Structure formats: structure tokens, C-alpha cells
Amino acid sequence: MLARYLSRLVLFVIFTFALPSYGTDELGKEAFLNNGCSKCHAIESLAVEKEMNPETGKISKGPDLSKTGLDHDADWFVKWLKRKVGQENDRGKVLKHKKTYKGTDEDLQLIVAFLQARKPA
Ligand code: HEC
């Protein structure tokens, strides 16, 4: 009897707390990783580290994206990733993104939501 109660309690706890946290943000992080974004970007706030290029041994110099959600909205992220907008760098030069997004639309939506959520609480 008690064991049954406990196993229900455990299931309740898993469904109520553990699963929702494996939500869009986790899926977004997976999409981010699967689409190679971490080849050039770290997200220090989530302990996502840049990967080294196994062929050249080099680490690319894309910016850390821990706070990118403070600066841009969803619309901008979509355009940026498709290289339809540019932005000024420190030296006043307008640059477009290094890489044109080539993944699926579904992943793009997840990635954009994930980027929007990257801001300090
Ligand atoms: C080949 C390296 C490279 C890859 C791969 C890459 N980026 Fe970038 N990214 C950069 C660089 C470099 C910048 C800085 C601006 C520039 O020079 O394009 C940048 C800038 C950005 C910015 C703007 C940051 C800001 O707040 O101004 C965002 C957002 C971004 N990248 C997201 C992504 C996402 C999402 C992916 C994966 C789909 C990705 N990047 C893949 C190199 C890369």
C-alpha cells in the first residue's frame, strides 16, 4: 500500500516538476548545439563552451550569447540568422552574420526562442 502510494508520489513529482523544465529552453539548446552554433559561440551562463575545430585546432571568435536576449527581439534574430540584416560592430562597420542559417524552420523557431531567453533574470 505504502509502496504504491510512494510510486505515485514519485510519478507525480516527475510529471509536475521534472518534465516541464525539459521544455522549450532545453529543446532550443539542443537545436543550438545541433546546428553548429557552439562552433563559434559560448553561452557562459549555461556553461555551453565553444567547440574547437578538430581539423585546425582553432577556436572561432563569435561572441558569448549569455545576454543576447537583452539586445534583440525574435524578428531581428530570424533576419540576422538568415543574413537579411546587419549590425554595426565596435568600429562602426556594418556586418552581417558570419554564417547563413541552413537548418529547418522548426529548429529556427526553437533557436530564436532560446536566444530571446538569454538574458540575466
Ligand atoms: C563560423 C562561426 C559562427 C557560427 C557557426 C555561428 N555564428 Fe553567430 N556570430 C559569429 C560572429 C563572428 C558574430 C559577430 C558578428 C559577426 O561578425 O557576424 C556572430 C554573432 C551572432 C549573434 C549576434 C550577437 C549579438 O548580440 O550581437 C547571434 C544572436 C548569433 N551569432 C547567433 C548564432 C546562432 C544561433 C548560430 C547557429 C545557428 C550561430 N550564431 C552560428 C560567428 C558564428
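Residue numbers start from 1 in each chain and follow the sequence as written. In this predicted model, local features require pLDDT of at least 70 and side-chain atom pairs count only at pLDDT 80 or more, whereas totals for chains, interfaces and linings use all residues.

**Figure 1. Overall fold of the predicted protein.** The protein contains 5 helices and 2 strands, in the sequence order α-α-α-α-β-β-α. Helices (H or I, at least four residues) and strands (E, at least two) are DSSP runs numbered from the N terminus. Along the principal axes, the C-alpha atoms occupy a box of roughly 70 × 35 × 30 Å.

**Figure 2. The shell around the ligand.** Of its 23 residues, Cys37, Cys40, Gly62, Thr68 and Lys98 come nearest; a residue counts as near if its C-beta atom, placed from the backbone, lies within 6 Å of the molecule. At least two shell residues come from each of α3 (68–71), α4 (74–81) and α5 (105–116). Helix α4 gives the most, with 3 residues. The shell comprises 12 nonpolar, 7 polar and 4 charged residues. Ala, Val, Leu, Ile, Met, Phe, Trp, Tyr, Cys and Pro count as nonpolar, Asp, Glu, Lys and Arg as charged, and the others, Gly among them, as polar.

**Figure 3. Packing of α4 against α5.** The axes lie 9 Å apart at an angle of about 125 degrees (lines fitted to C-alpha atoms, for helices over the stretch in contact, with angles from 0 to 180 degrees between N-to-C directions). The two helices, α4 and α5, are therefore oblique to each other (under 35 degrees counts as roughly parallel, over 145 as roughly antiparallel, 65 to 115 as roughly perpendicular and the rest as oblique). From α4, Ala74, Phe77, Val78 and Leu81 meet Leu108, Val112, Leu115 and Gln116 of α5; contact requires C-beta atoms, placed from the backbone, within 7 Å. This contact has 7 nonpolar, 1 polar and no charged residues.

**Figure 4. Packing of α2 against α5.** Helix α2 (residues 24–34) packs on α5 at about 115 degrees, with the axes 8 Å apart. Helices α2 and α5 are therefore roughly perpendicular to each other. Thr24, Asp25, Leu27, Gly28, Lys29, Ala31 and Phe32 of α2 make the contact with Asp107, Leu110, Ile111, Ala113 and Phe114 of α5. By class, the contact has 7 nonpolar, 2 polar and 3 charged residues.

Key
Contact = placed C-beta atoms within 7 Å.
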